[in-house]
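Please look at the sequence and structure below before reading on.

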Amino acid sequence: PPSDTYMHRTAPYTPPQPQPSTTMTSTSSPVRRPIPPPSYIFVSADGVEFVVPPQMIRLCRACTGNNADNTGPFQRVEWPTVRSDVMQVVLQFLINPLMTRPTSDFMRVGLQRVLAASDAMEIILLFIFAAALACLPNASPANPPTTPSAALRNIVTQSFLFTKCTIGDWFVLEDELRRDLDARDFRVSFLDTLWYIRFLHEFGVDDHTMGWEEHRDRWKKIYAESRVQAFLLAGRNSLDVAELTQWRLFIGPHVEYLDLSASTYTTDQTIVLL
């Protein structure tokens, strides 16, 4: 059944027609009232429409993209890959994005379908929630996380987290999650797994060579050091202002050790600048 916070409809939305006024016209200036932000209509792949209030939209990065019709009091967004049963789970999450356990509806539709929907709609918190559950035995937050499977690593590296989010987005996201969630929350632990997946993907390291358990809880630091080291070993021509800005704003504080012995470009002056 639909929640009190949103409702779903099967009939297309028809905006109300203006009615002729029966009041006398005033010569004074009308009172200007602020225009409230429009609600949204999410249309699922099977044609079910969900009316979503604007305060639930801030977590959905893709909802105002090219698939949005912004005419009228509702912004209509079609999701051709998200069916209505999954859409209801998505909206339940948007109501309570810091939920600590998956709902029965969440588990009924399946983690893979929720992952696919959160990727299409670019809902970072939901994607991390579902991906973290996939690393837990029996999808229970009470269990310790396990090494991410090759299938999950493939899903993550092909998702919008890799293709559309910058490295700065990752650092900001982690700061926000650590601020809003308990340190023992399974999503906080999964952040280390995400850095491990990013390390394997960017540096082409085999998971048998660098196992997740081997450096558990240290993968963000290892990634930061490996990224700086890779650029320095490649030579100064590989660096640009954008990369140096990432170092200064996000990566630098996590770098404690660099091995530049194999570099023919690194000089004492480079180290001083670094």
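The lining of the second largest pocket divides into 10 nonpolar, no polar and 7 charged residues. Here Ala, Val, Leu, Ile, Met, Phe, Trp, Tyr, Cys and Pro count as nonpolar, Asp, Glu, Lys and Arg as charged, and the others, Gly among them, as polar. The model is predicted: local features need pLDDT of at least 70, side-chain atom pairs count only at pLDDT 80 or more, and totals for chains, interfaces and linings use all residues. Residues are numbered from 1 along each chain as its sequence is written, and side-chain values use heavy atoms, with hydrogens and water left out.

**Terms**
- On a 1 Å grid over the protein atoms alone, a cavity is a set of points where a 1.4 Å probe fits but cannot get out, and a pocket is an open set with protein on both sides within 12 Å along at least five of seven lines; lining residues have an atom within 4 Å of a point.
- Points are joined across faces, edges and corners, and a volume is the space filled by probe spheres set on them.
- Helices (H or I, at least four residues) are DSSP runs, numbered from the N terminus.

**Second largest pocket**
- This pocket holds about 400 Å³ of space.
- Of its 17 lining residues, R58, L59, L125, L173 and E176 are the closest to its centre.
- Two or more lining residues come from each of α4 (124–134) and α7, and α7 gives the largest share, 7 residues.

**Largest cavity**
- The count is 1 cavity of 30 Å³ or more.
- The largest cavity has a volume of about 60 Å³.
- Its lining consists of L161, W170, L173, E174, L191, L194 and W195, with α7 (167–180) and α8 (186–203) as the elements that give two or more residues.
- That lining divides into 6 nonpolar, no polar and 1 charged.
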